[in-house]
Amino acid sequence: MSFIFSTHSLHPAAEAMLKAASDLRVASAPDPETLLREGRGAGIIVVRAPIPPAFFEDAPALRAAIRHGAGLDMVPMDAATRAGVLVANVPAVNAPTVAEHVFLVTMALLRRFRLMDRELRQKGWAAGRSQSDGAVDLGGRTIGIVGMGNVGKAIFRVAKFGFGVEVVATSRSPESVPHGARYLPVDDLVATADVVVLCCPLTPETTGLLNAKRIGRMKPDAILVNVSRGPVIDDAALIQALHDGRIGGAALDVFATQPLPLDHPYFGFDNVIVTPHLAGLTEESMMRMGMGAASEAMRIMNGELPVNLRNPEVVEHYRRRFPDSSEPLRDNPKR
């Protein structure tokens with residue numbers, strides 16, 4: 001089999017699994033030009049960075065693109081499917097980690113942690129302690145969840161059964177909203193919630209979902225948390241609302257442009273927490289995602305289809321490209 005190519009390093013346990021079975025190569029940089037150059041001839045690519053559509057052109061050895069995580073926006077699905085390449089992901093495994101992050105940043109904003117820490121360090125005990133005058137509890141507030149996939153459900157469970165707060169939610173499928181949460185259309189949700197959490201996938205429908213009109217409907221002390229994708233928010237509208245003091249604050253983990261430039265206006269607000277797209281990243285979640293991706297690669301190498309195949313319509317084309325795909329693709333001592 002040709003080599004396995006990863007856009008980034010993986011958890012050591014996942015790398016050990018793949019190196020024991022094949023030639024694993026890790027990109028020296030995740031930019032499109034490097035990926036195209038160094039990934040040429042790969043049989044499987046593990047995806048932790050956006051893949052250019054050209055990666056799937058003239059790639060006769062390429063069998064699969066495996067997303068290290070759940071979101072598929074880094075994989076050009078049409079290009080992969082046209083090329084007869086399987087696309088798989090590792091859903092759900094980092095959902096609890098993302099949920100923990102949501103409550104970390106939410107409570108940091110409600111309790112004015114950034115301001116308290118700065119005042120304590122620069123001006124002393126009394127100045128830091130005075131920030132509690134404007135701090136508020138999470139209890140008794142309403143959380144609005146936009147998107148009820150695995151992450152949304154994990155946030156719901158912590159909110160409802162951990163903090164006992166009221167939960168309202170919106171989703172493409174209203175029936176996916178669990179018992180204990182109240183379904184609301186997005187326009188009503190943003191007007192009702194004290195904390196609005198975006199955890200929906202990036203699609204044409206969700207691009208610009210939080211536009212100026214919807215931000216304008218939010219409560220003046222409401223908090224916006226984004227662990228979805230950057231383009232779900234109209235940045236100009238949010239920056240204007242923050243500048244005018246029309247919302248309470250924001251915690252943003254994802255951005256339309258990443259890395260976020262250090263001179264970006266978001267860094268200038270005391271009531272904005274900026275994190276570098278790490279809501280789902282911890283030692284434990286990296287192991288779960290890495291081992292999940294490695295396990296899918298092993299299945300493909302053994303002639304099987306991935307468990308979490310996301311373009312099943314490609315299978316017939318894939319079988320034509322690789323007639324041996326019903327047989328193991330590597331030496332197997334049990335054969």
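In the predicted model, the crossing of helix 4 and helix 7 is right-handed. The two axes come within 8 Å and cross at roughly 55°. An angle of this size falls between the limits of 35 degrees for roughly parallel and 65 degrees for roughly perpendicular, and helix 4 and helix 7 are therefore oblique to each other. On the side of helix 4, the contact involves A95, P96, V98, A99, V102, F103 and M107. Their counterparts in helix 7, which spans residues 150–163, are N150, V151, A154, I155, V158, A159 and F163.

When residues up to four places away in sequence are not counted, N94 touches G280, S285, R288 and M289.

The crossing of helix 1 and helix 11 is left-handed. Helix 1 contributes A13, A14, M17, L18 and A21 to the contact, and these residues meet G290, M291, A294, S295, A297, M298 and M301 in helix 11.

The burial pattern of helix 1 was examined along residues 12–21. Within this stretch, A14, E15, L18 and A21 are buried. They cover an arc of only 135° around the axis, which puts them on the same side of helix 1. An α-helix has 3.6 residues a turn, so residues three or four places apart point the same way. On the other side of helix 1, P12, K19 and A20 are exposed.

At 1% relative accessibility, A293 counts as buried. Leaving aside neighbours within four places in sequence, A293 is in contact with V46, I66 and V90. A293 and G69 are separated by 224 residues in sequence, while their C-alpha atoms are 8.0 Å apart in space.

The cysteines were examined for covalent pairing. A disulfide is a covalent bond between the sulfur atoms of two cysteines. The structure holds zero disulfides. C199 is in no disulfide, and the cysteine sulfur nearest to that of C199 belongs to C200, 6.9 Å away. Likewise, C200 is in no disulfide, and the nearest cysteine sulfur is that of C199, at 6.9 Å. A disulfide requires sulfur atoms within 2.5 Å. C199 counts as buried at 12% relative accessibility, and C200 counts as buried at 7%.

Technical notes: Residues numbered from 1 in each chain as written. Predicted model: local features only at pLDDT ≥ 70, side-chain atom pairs only at ≥ 80, totals over all residues. Heavy atoms only, no water. Buried < 20%, exposed > 50% of the residue type's maximum accessible area, 1.4 Å probe, protein only. Helix = DSSP H or I, 4+ residues; strand = E, 2+ residues; numbered from the N terminus. Arc of directions from axis to C-beta. Contact = heavy atoms within 4.5 Å. Left-handed = near helix turned anticlockwise from the far one by under 90°. Axes fitted to C-alpha atoms, helices over the stretch in contact; angles between N-to-C directions. Parallel < 35°, antiparallel > 145°, perpendicular 65-115°, else oblique.
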